[in-house]
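Hi everyone, thanks for making time this morning.

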Amino acid sequence: MINWEIVVQNFPFLVVGILMAIGVYTVTMKRNLIKIVIGVEIIESAVNLFLITLGYVEGAYAPIYTMAPKAAENNMVLPTPQALTLTAIVIGLAVTALMLALAINIYRHYGSLDVRVARRLRE
């Protein structure tokens with residue numbers, strides 16, 4: 001018998017695992033550079049969801065919420081995962097821009113987005 005309460009409680013971690021598996025599969029098995037960039041973005045989203053899930057406390061208040069009742073002083077959400085996630089989003093944006101710029105340059109030089117064609121750089 002499945003205990004659905006435990007499944008619902010751990011559902012975000014299950015989603016993180018599925019997203020991570022999809023991202024790793026895309027990065028390792030696809031040959032199109034744009035698909036590889038999309039796979040990296042899926043992995044970044046999984047990591048961000050994981051960080052937010054770690055910092056979630058049911059019924060807690062955000063530390064920046066100034067109108068919280070006095071009883072909420074001991075019931076606050078951790079601000080560190082939120083700050084890490086915001087930083088990861090900004091870094092992810094820069095990494096994505098760099099990957100897409102490299103993909104554009106490879107396409108201009110080789111006329112293809114196939115990784116096998118770009119491997120001729122080694123030869």
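**A walk along the helices**

Let's begin with Leu 86, which counts as exposed because its relative accessibility is 56%. You'll find Leu 86 in helix α4. Leu 86 and Val 15 are 71 residues apart in sequence, and their C-alpha atoms are 20 Å apart in space. Before I go on, please keep in mind that this is a predicted model.

Let's stay with α4 for a moment.

Now, which residues of α4 are buried? Going along the helix, they are Pro 81, Thr 85, Gly 92, Thr 96, Ala 103, Ile 106 and Tyr 110. The cover over these buried residues includes α3 and α5.

Have a look at Thr 85, also in α4. With a relative accessibility of 7%, Thr 85 counts as buried, because the cut-off for buried is under 20%. What does Thr 85 touch, if we leave out residues up to four places away in sequence? The answer is Asn 48, Leu 51 and Ile 52.

Just after α4, you'll see Gly 111 with a positive phi of about 75°.

**Over to α3**

Helix α3 covers residues 33-55. α3 has 23 residues, and from the first C-alpha to the last it reaches 34 Å, close to the 33 Å expected at 1.5 Å a residue. At the start of α3, please find Asn 32: one of its side-chain oxygens comes to within 3.0 Å of the backbone nitrogen of Ile 34.

One is Ile 36, in α3. Ile 36 counts as buried because its relative accessibility is 17%. Leaving aside neighbours within four places in sequence, Ile 36 is in contact with Thr 26, Val 27, Lys 30 and Val 115. Compare that with Met 1, which sits 35 residues away from Ile 36 along the chain, with 40 Å between the two C-alpha atoms.

The other is Thr 53, again in α3. Is Thr 53 buried or exposed? At 14% relative accessibility, Thr 53 counts as buried. A polar atom of the Thr 53 side chain lies 2.7 Å from the backbone oxygen of Leu 49. Thr 53 also touches Pro 12 and Phe 13, again not counting residues up to four places away in sequence.

**A surface patch and a salt bridge**

Next, please turn the model to helix α2, residues 11-29, and find Ile 22. Ile 22 has 41% relative accessibility, so this residue counts as partly exposed. Which residues make up the nonpolar surface patch here? Phe 11, Leu 14, Ile 18 and Ile 22 make the patch, which is about 380 Å².

Last stop: salt bridges. How many does the count come to? The count is 1 salt bridge. In it, the side chains of Arg 116 and Asp 114 meet, at 2.9 Å from N to O. And how do the two partners stand for exposure? Arg 116 is partly exposed, because its relative accessible area is 49%. Asp 114 has a relative accessible area of 19%, so Asp 114 is buried.

That's my tour, and I'm happy to go back to any of these residues with you.

Definitions and conventions:
Residues are numbered from 1 along each chain as its sequence is written. This is a predicted model: local features need pLDDT of at least 70, side-chain atom pairs count only at pLDDT 80 or more; totals for chains, interfaces and linings use all residues. Side-chain values use heavy atoms; hydrogens and water are left out. Patches are made of residues with over 30% relative accessible area and no salt bridge: like charges are joined within 9 Å, nonpolar side chains (Val, Leu, Ile, Met, Phe, Trp, Tyr) within 5 Å. Accessible areas come from the Shrake-Rupley method with a 1.4 Å probe; for residues, only the protein chains shown count as cover. A salt bridge is a side-chain nitrogen of Lys or Arg within 4 Å of a carboxyl oxygen of Asp or Glu. Helices (H or I, at least four residues) and strands (E, at least two) are DSSP runs, numbered from the N terminus. Buried means under 20% relative accessible area, exposed over 50%, partly exposed in between (1.4 Å probe, protein chains only). A polar contact is a pair of N or O atoms within 3.5 Å; within protein, one must be able to donate a hydrogen and the other to accept it, and residues adjacent in sequence count only if both atoms are side-chain atoms. Contact means heavy atoms within 4.5 Å. The expected span of a helix is 1.5 Å times one less than its number of residues.
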